[in-house]
Amino acid sequence: MGKLLIVGTVAFDAIETPFGKTDKILGGAATFIGLAASQFDVDAAIVSVVGEDFPKEYLDLLEKRNIDISALEVVKGGKTFFWKGKYHNDLNSRDTLVTELNVLADFNPIVPDGFKDSDVVMLGNLHPNIQMGVINQMEKRPKLIILDTMNFWMDHTLPELTEVIKKIDVLTINDEEARQLTGEYSLVKAAQKIFEMGPDYVVIKKGEHGALLFHEEQVFFAPALPLEDVFDPTGAGDTFAGGFSGYLAASEDVTFENLKKAVIHGSNLASFSVEKFGTERMLDLERDEINIRLHQFKALTQFEIELQ
């Protein structure tokens, strides 16, 4: 069983979409990553921080899915990170209404001793200094360090982010962020520029239009499964990251061919995440459902053609 170290937020979200809205519910990058990764035979731990207001039932929920939460710090008297957002009708764009860093503002990550030799490190969307702090605590070089980031850190902490990117193996960002980071509109050219920054692999997520995997001169494309109902895109990218990193940690194979499979597993799990609000769909997800949808992914892309 491979070891997966997950770094990211464990948080409260309040979400409004054209299909309804929620009060404070369980959210955060590390939460979605952990729930997705728990679908694989992997030894996973979360490094994060919450306040005293974080319900014990949520902590129990993570533990029941065999996620080590010994490095999930609970700050006495503190309040948990909170994000509130409203999605537009197309569900591709949203407005952030409230962001309260709370205990996250002074978070100093501590990697548990049992995970300082992790095979895969999944650095969820956080301040680059926190991500670097985790890398520096690893006792040996992991087989794979995966970094997820967003345009906010490009706007406000680009020098720090650039230093972290030098240390990683895989960068996962969306198409808009890839263009911002590199100044290139062509995603092929953007991937080439990112290679020059340090990573060996680049995953560019395109939401409902799938995901691209780049490595040297090789390119792989995974479609997004057409869905009848999309209720809430929050956490879809993190769920993708959890499926991607969880599969790689479980298989202990970091070849390009296996990363292609990891992209499919990530896309597959993300397709479930959007079907209900927050983490709700990931909590009632059954293995049979996952396998059925994997077959649908295969059917979507498999064809035979006779070349002249």
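A salt bridge is a Lys or Arg side-chain nitrogen within 4 Å of a carboxyl oxygen of Asp or Glu. This is a predicted model: local features need pLDDT of at least 70, side-chain atom pairs count only at pLDDT 80 or more, and totals for chains, interfaces and linings use all residues. Residues are numbered from 1 along each chain as its sequence is written, and side-chain values use heavy atoms, with hydrogens and water left out.

**View 1. A salt-bridge network links six residues.** The members are Glu275, Lys276, Arg281, Asp284, Glu289 and Arg293. The structure holds 16 salt bridges.

**View 2. Lys143 and Glu252 pair across the sequence.** Their side chains meet in a salt bridge at 3.7 Å, N to O. Lys143 sits in the loop between α3 (128-135) and β11 (144-148), and Glu252 in the loop between α8 and α9 (256-273), so the pair ties together parts that are 109 residues apart in sequence. Helices (H or I, at least four residues) and strands (E, at least two) are DSSP runs, numbered from the N terminus. Lys143 is partly exposed, with a relative accessible area of 41%. Glu252 is also partly exposed, at 39%. Buried means under 20% relative accessible area, exposed over 50%, and partly exposed in between (1.4 Å probe, protein chains only).

**View 3. Helix α8 is largely enclosed by the rest of the structure.** Of its 16 residues, 13 are buried. The helix covers residues 236-251. Glu252 follows α8 with a positive phi, near 55°.

**View 4. Asp175 and Lys206 form a salt bridge.** The closest N and O atoms are 3.9 Å apart. The pair links distant parts of the chain, 31 residues apart: Asp175 in helix α6 (residues 175-182) and Lys206 in the loop between β13 (201-205) and β14 (211-215). Lys206 is partly exposed, with a relative accessible area of 24%.

View 5. Glu257 is partly exposed, at 47% relative accessibility.

**View 6. Phe303, Ile305 and Leu307 make a nonpolar surface patch of about 430 Å².** Patch residues have over 30% relative accessible area and no salt bridge; like charges are joined within 9 Å, nonpolar side chains (Val, Leu, Ile, Met, Phe, Trp, Tyr) within 5 Å. Areas come from the Shrake-Rupley method with a 1.4 Å probe; for residues, only the protein chains shown count as cover. Phe303 lies in the segment after α11 (287-301). Phe303 is exposed, with a relative accessible area of 65%.

Key:
Expected span 1.5 Å × (residues − 1).
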